[in-house]
Amino acid sequence: MASAFSKRGEMTLREKFSQISWSLIFWLSIIVTIGVFMLYSAANASFEPWAIQQGFRFLICLFMLIIIALVDIRLVMKYAYLIYGVVFSLLIFVEFQGVVSGGAKRWIDLGPINIQPSELMKIALVLALARYFHSINSDEIGRPILLLPPFLMLICPVFLILRQPDLGTALMTIMGAGAIFFMAGVRLWKFFVITLTGLITIPIVWPLLQEYQKERILIFLNPDRDPLGGGYHILQSQIALGSGGVFGKGFLQGTQSQLNFLPEQQTDFIFTIFGEELGFVGGIILIGLYAVVILYGFIISIRCRNQFGRLLAIGITTTFFLYVFINIAMVMGLVPVVGVPLPLISYGGTALLTIMISMGLLMSVHVHKDIHIVFIGGFDSG
Amino acid sequence: MLIHRDTDRIKVFNRRAIFLGGAQALLFSGLVGRMHYLQVIESDRYSMLAEENRINLRLIPPARGRILDRFGEPLAINVQNFRMLIVAEQVPNLEKLLNTLDEIIDLSKREVERIISEVQKRRSFVPVTVKDNLSWEEMAKVQVNALDLPGVVVDEGLTRFYPEKDTAAHILGYVSSVDEHELTGDPLLQLPGFRIGKAGMEKEHDYQLRGGAGTSQFEVNAMGRAIRELKRKESTPGSDLYLTLDQKLQKYASNRMGRESASCVVMNVHTGEVLAMVSTPSFDPNAFNRGLTQKEWKTLLEDPRAPMTNKAISGQYAPGSAFKMIVALAALEHGVIDTSEEIKCKGYTDLGARRFHCWEEKGHGKVSMVDAIASSCDIYFYEVAKRLGIARISEMARRFGLGELLNIGLSTERGGLVPSEEWKINRFGEQWQQGETFILGIGQGYILATPLQLAVMTSRLATSLSVMPKIIKTSEKTDNIVSGFSALNINQSDLKIIRDGMFNVVNGSKGTAKSSRINVNGHKMSGKTGTTQVKRITIEEREEGLPELDDIPWQERSHALFVAYAPHDNPKYAISVVVEHGGGGSAVAAPIARDIFKELLKDYSSQSNII
């Protein structure tokens, strides 16, 4: 594969370091700090077992973020397919060897840590697609044959994730990838065709879904149907949020979330604690903080002078957005319960790791924004 | 060209970035809108729902399965009890409440600390046990003062009860509250006051006995009072467990052994069913369920007679002369001695510079095999062991179940030890000595066996089948003929010699246990005594004359052993008795065995359906 990197503006490590956006790191740290306090509250005013560990993990991940930010973006691009390949093999490995938990096979047991390859796939796919579309110019993007490889890059892992079965992650992966297709310049009517095809296949796919997935979708459509069954979650989290009111009941004062109406409230349903204790005002502030991070992502993306960086940044930012949106919407009963964590706040190692790696990559795009990558893939020797 | 293409892309990108950003902003606004709806517009409705009408879920603990003896007599059952709980979220002032409670029912300082720490650890709506096993009087006091005791609930439940107290404690084990490290996924374990098996059958079969939780979903008001039950799923009680034990015999044996540090195993020689397995002193498992005080626990642990140890399966003893049947059988099988050959015993024999003594200092004179077993002559067996060598003795010992776990189903069971030449090299890095073969010939030295193994050995001698012990009753059938054990591959005529010897031990004129004979036809027993030294007798002691039993400190006295089966001509039951530091096997262990057999045969001979 012929590749030529422009030698213009090689950066020293010191220069790179000075380019890191410490203000973005500041905003991320604020969100994590809020999360640590929420975990403290979820454990009934105790740093054990979650808060302290989450804080500790964040510090490790932060260090990693900075290291990743310093990695040359061209190197990232060079290994994008390799990373995709490795994560894809992990997904296949899960298919055969994964740990079954809660009826689904999602984890690889690595002794002290568990890895959830479907989480990592979200980044790996963004990397691979960004690299692919980087090498396709605006004329070529109209040729359907050239859209086939990225489509397969998307559909193969999604198929495996659906088999786990993990509908939420699969949909999120599709939406994240869709954003890159869109930003790369794929014509809008093609999205309509694909979406329409998708809608038509719903009656075909429906019987293939797991019972609990069907149940979740049905409950979503009518949560009050059975308040003691599956709709219990949504109803209880709405009661918790709603009873919080405008200013909330005060930190550690939430009665609903402290009453264990919601199991696993330290993970996916942590926003209920936040909403109940800090109210509408607190909720707006938190959403605002997320919006700030997303805005940073868009700015980094638009300012970047190479297509790979632009697509990578927008892909990461959109994935981050999807995490936030789906989680909060799910907790408030706007979308079905799909098991998506609230980034930087929900307790959980893989989720935090995924977010922080992707933030590291975003930072790397920012640090290397002025680097031109005159790289035309296997389609042009220019 | 390149530049052109890139600017083109940038244009598209920027245009679409605004579109995408706009879409995301719109969706976020949607979240804010929804939040506004829930937390501002509908806030009152949800607050009301939250305050006044909550749905709570409570687990219903299952009744623990009972443990019953072979006749269905209860060994471990459940009895109703009352306990006091507090629900922290309903308590306005915990300290004040505990003070009030202290005035009513007297709480110790440690209990108060425990309650406070548990309240802090658990979620505020999870009830915490204040006191278990409330008496009627305490109940009444709490009810009378109910108004001053917000958040206090009296709960009616079932608790474990062992009606026979310490009689079968080592087999049953006990239940006790769940420790932090024992928490598994089972939510039952988090229930206040829930008990799980910590030892014995209660532990080994905990899962089967535990049963499955039921659930009760109910509406509660702001005070946490249940308004109505919405849905209920009854719990699944644990399954009952039938043991092969005979509670009556178990109790008799336990009383008979009294305060001795002793153990005995009684089993059916055909089925391997253990009818009694006693280890004394014992402990009261009810105390563990109730919760031991530090002092009680310390007393149990520091008692030199080890009440917590099930000596019948964990105690390992040199079998002493009770091992001589094995040596004799090996000798006959390998033809190293003839039944008619007599060996002269003059009280000692020499091997090089070392002198080996017979227990009978005066010597037995000329003895044949049957006499040697009956009178337990050591000199005879030194000679036989010398001719056999260690390997052939060990092989025979293993065939009779020594030196390996019998897997009775209790985790504290130990396997004893049958030494071999390789074993000694591996263990000590030394060669096997001939002198060690000598003392192996009289069941001393490295060899170790548990009372259970001795009972199994005796059953196998009685039946020549490879009997295995069992303590869980698998079927209701009490047929003692069905066994299914394979033959031991022992020459029946050889075995007859050994059995004659054992008969003479108890019934012959020279027998070491003749004072313990059962003089009822059809009930006569055959057996073998054993006395194993705990401390080696020094040459000086021998010269000064052996001291009287009462002059020896308890810990230095010999262990007394006795194994037997009965009736001698139609064996049904085997027994092994080991009295730690009891002195002589004939004086201490044999009478216990005799009395237990008498009790057993008295009862069972009157029943047409013999177990």
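Close-up 1. Axes are lines fitted to C-alpha atoms, for helices over the stretch in contact, and angles run from 0 to 180 degrees between N-to-C directions. Contact means heavy atoms within 4.5 Å.

This is a predicted model, in which local features need pLDDT of at least 70 and side-chain atom pairs count only at pLDDT 80 or more, while totals for chains, interfaces and linings use all residues; side-chain values use heavy atoms, with hydrogens and water left out. Residues are numbered from 1 along each chain as its sequence is written, and chains are lettered from A and ligands numbered from 1 in the order in which they are written.

**Close-up 2. Five strands of chain B form an open sheet.** Their order is β12-β11-β19-β18-β17, and the pairing is antiparallel. Two strands pair if DSSP finds at least two bridges between them. β12 and β17 (526-532) of chain B stand at the edges; each has a single partner strand, so one side of each is left without a neighbour in the sheet. On average, neighbouring strands of this sheet are turned by 5° against each other, direction ignored. Strand β11 (residues 262-268) of chain B is joined to β12(B) by six bridges. B:Val266 has B:Ala276 in β12(B) as its bridge partner.

Close-up 3. B:Pro281 sits in the loop between β12 (274-280) and α10 (285-290) of chain B. Most residues other than glycine have a negative phi, and most peptide bonds are trans.

**Close-up 4. B:Lys165 and B:Asn407 have positive phi values.** Neither residue is a glycine. For B:Lys165, phi is near 50°. This residue is in the loop between β5 (152-161) and α6 (169-172) of chain B. B:Lys165 counts as partly exposed because its relative accessibility is 45%. Buried means under 20% relative accessible area, exposed over 50%, partly exposed in between (1.4 Å probe, protein chains only). For B:Asn407, phi is about 50°. B:Asn407 lies in the loop between α16 (390-399) and α17 (421-428) of chain B. At 58% relative accessibility, B:Asn407 counts as exposed.

**Close-up 5. A:Phe133 and A:Leu312 touch the most other members of the largest nonpolar core.** This core has 125 residues. Its largest share, 17 residues, comes from helix α14 (residues 307-331) of chain A. A second, separate core holds 123 residues, including B:Met257 and B:Phe288. A nonpolar core is a set of buried Ala, Val, Leu, Ile, Met, Phe, Trp, Tyr and Cys residues joined through side-chain atoms within 4.5 Å. Not counting residues up to four places away in sequence, A:Phe133 touches several residues, among them A:Ile141, A:Phe181, A:Leu311 and B:Arg9.

**Close-up 6. A:Trp22 is in helix α2 of chain A.** The helix spans residues 22-42. A:Trp22 counts as partly exposed, at 42% relative accessibility. Leaving aside neighbours within four places in sequence, A:Trp22 is in contact with A:Phe17 and A:Ile66. The C-alpha atoms of A:Trp22 and A:Met363 are separated by 9.7 Å, although 341 residues apart along the chain.

Conventions
Helix = DSSP H or I, 4+ residues; strand = E, 2+ residues; numbered from the N terminus.
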